[in-house]
Protein chains: 2
Amino acid sequence: MNDKKLKIINAAKKSFSHFGYKATTMDQIAKIAQVGKGTIYTYFSSKEEMLKAIIDLFVVEMRDVAESAIPRRQPFIKSFNEVLHTITKFQSEHELMIKLSQEVKEIGTPEVIAAMKSVEDEICEFIEVKIETAIERGELRKCDPKITSFLMFKMYVNLVNDWKERHEPLDKDQIAELINTYFIEGIGMKNEDY
Amino acid sequence: MNDKKLKIINAAKKSFSHFGYKATTMDQIAKIAQVGKGTIYTYFSSKEEMLKAIIDLFVVEMRDVAESAIPRRQPFIKSFNEVLHTITKFQSEHELMIKLSQEVKEIGTPEVIAAMKSVEDEICEFIEVKIETAIERGELRKCDPKITSFLMFKMYVNLVNDWKERHEPLDKDQIAELINTYFIEGIGMKNEDY
DNA sequence: TAATGACCAATTTCGTATTTTAGTCGAAAA
DNA sequence: TTTTCGACTAAAATACGAAATTGGTCATTA
């Protein structure tokens, strides 16, 4: 990625983080990046493409962080919660994500909704691969990796975000325990229970 | 409930079902109910209170239907999916609920959001009681009934509504099987697996 | 040839006139 | 008296045209 393009990306990231997507103008980005507005369009075909490019970079970073949160030589399933916690924390430490989440709630900008959804998809896909591996290694029973990752991710989000709408928020360890209880062990009676 | 009050309730229900909450005016309700507008206010203190009253009646009906969907002398957990399916079907057969769900998505009327949330809460509470019973009867392992019902309901909604946003929709039986796989049995390796 | 910013069409914002609506209240009816 | 009513009102929603803003283009420039 050449120098000018990087300058533009950084300017856009800064402005999106500070003012949100909708409230950022192309003129503003050009000014921050110290380039003419036309120059932006030699690198990005539209404002939305810029957002996508920035989100893509973010996702790459996020993958790295998530990957490095998986302890070597430990069943993935044990570290699942740790990984999602890391991802959540990573997101919450980035002004960009905070601002964009806000924008989805408060304005509902379609481009931003799509962008945030793509981040969720990436997380799901990340988990999916890990689950496939876990099944191959015999750490998990056979199950559809796509549905499983979808449900695990949703359950995590439900516990972290939705539960606290009407109840005391749950902390990291409680969530880890809950996911293990419901998802891994199951709450049906087992033979050994009798 | 006296005759006039019932007439008003029915008129309101009809209008809400047809035009939605926001697009229904008190004059309209009065006209349909064939009463003066002032009369409405002798029975209901506000438009929102009318909505709540109607929702309350709906919830009572829904509870009955749900209750009767539970086969006698069978573990609740076996019929959980059947019950939720019945509730979902019951809702989807009522113009009122369809219209209000739409209004939440398209307009986001705060009163309607609150009303629909209260319906969800009722469903969760219904499940909660059933889960408590199931635990007492030894059909389920010990677990927090509030969190369990919350998660089961969410998982059901995730599978019915969210999954189909990006994948082929799942049918009733698939969902039943999935909830059983993940929630009841768990996907962790069991002793007997070895 | 890469970069630029004046320019344009389209959308958004803004101010305001107009209409609509939830809720009130004095009077009529029961 | 008690219940019902609908004209009335203040507040909110809407309609709408003018003005400003903005994403994107392109002829000019360095």
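How many salt bridges does the rule find across the interface of chain B and chain A? The rule finds 8 of them across this interface, a salt bridge being a side-chain nitrogen of Lys or Arg within 4 Å of a carboxyl oxygen of Asp or Glu.

This is a predicted model, in which local features need pLDDT of at least 70 and side-chain atom pairs count only at pLDDT 80 or more, while totals for chains, interfaces and linings use all residues. Residues are numbered from 1 along each chain as its sequence is written, chains are lettered from A and ligands numbered from 1 in the order in which they are written, and side-chain values use heavy atoms, with hydrogens and water left out.

**The two protein chains**

One of the salt bridges joins the side chains of K117(B) and E165(A), at 2.9 Å from N to O. Helix 7 (110-136), helix 8 (145-162) and helix 9 (172-185) of chain B each supply at least two residues of the side that touches chain A; helices here are DSSP runs of H or I with at least four residues, numbered from the N terminus. Helix 8 of chain B gives the most to that side, with 10 residues.

In total, 36 residues of chain B are in contact (heavy atoms within 4.5 Å) with 36 residues of chain A. The size of an interface is often given as the accessible area lost when the parts come together. Chain B and chain A bury about 3600 Å² between them, 61% of it on carbon and sulfur atoms; this buried area is taken with a 1.4 Å probe and summed over both parts. In chain B, R141(B), Y182(B) and I187(B) lose the most area to chain A, together 22% of what that side buries.

**DNA strand D**

Around DNA strand D there are 16 residues, where near means a heavy atom within 4 Å. The closest are M26(A), K37(A), K47(A), G36(B) and T39(B).

| Residue and atom | Atom of DNA strand D | Distance |
|---|---|---|
| Y41(A), polar side-chain atom | phosphate oxygen | 3.1 Å |
| K47(A), backbone N or O atom | phosphate oxygen | 2.7 Å |
| G38(B), backbone N or O atom | base nitrogen | 3.3 Å |

The elements that give two or more residues to the surface near DNA strand D are helix 3 (37-43) of chain A and helix 3 (37-43) of chain B. Helix 3 of chain B gives the most, with 5 residues.

Technical notes. A polar contact is a pair of N or O atoms within 3.5 Å; within protein, one must be able to donate a hydrogen and the other to accept it, and residues adjacent in sequence count only if both atoms are side-chain atoms. Buried area is the accessible area (1.4 Å probe) that two parts lose on being put together, summed over both.
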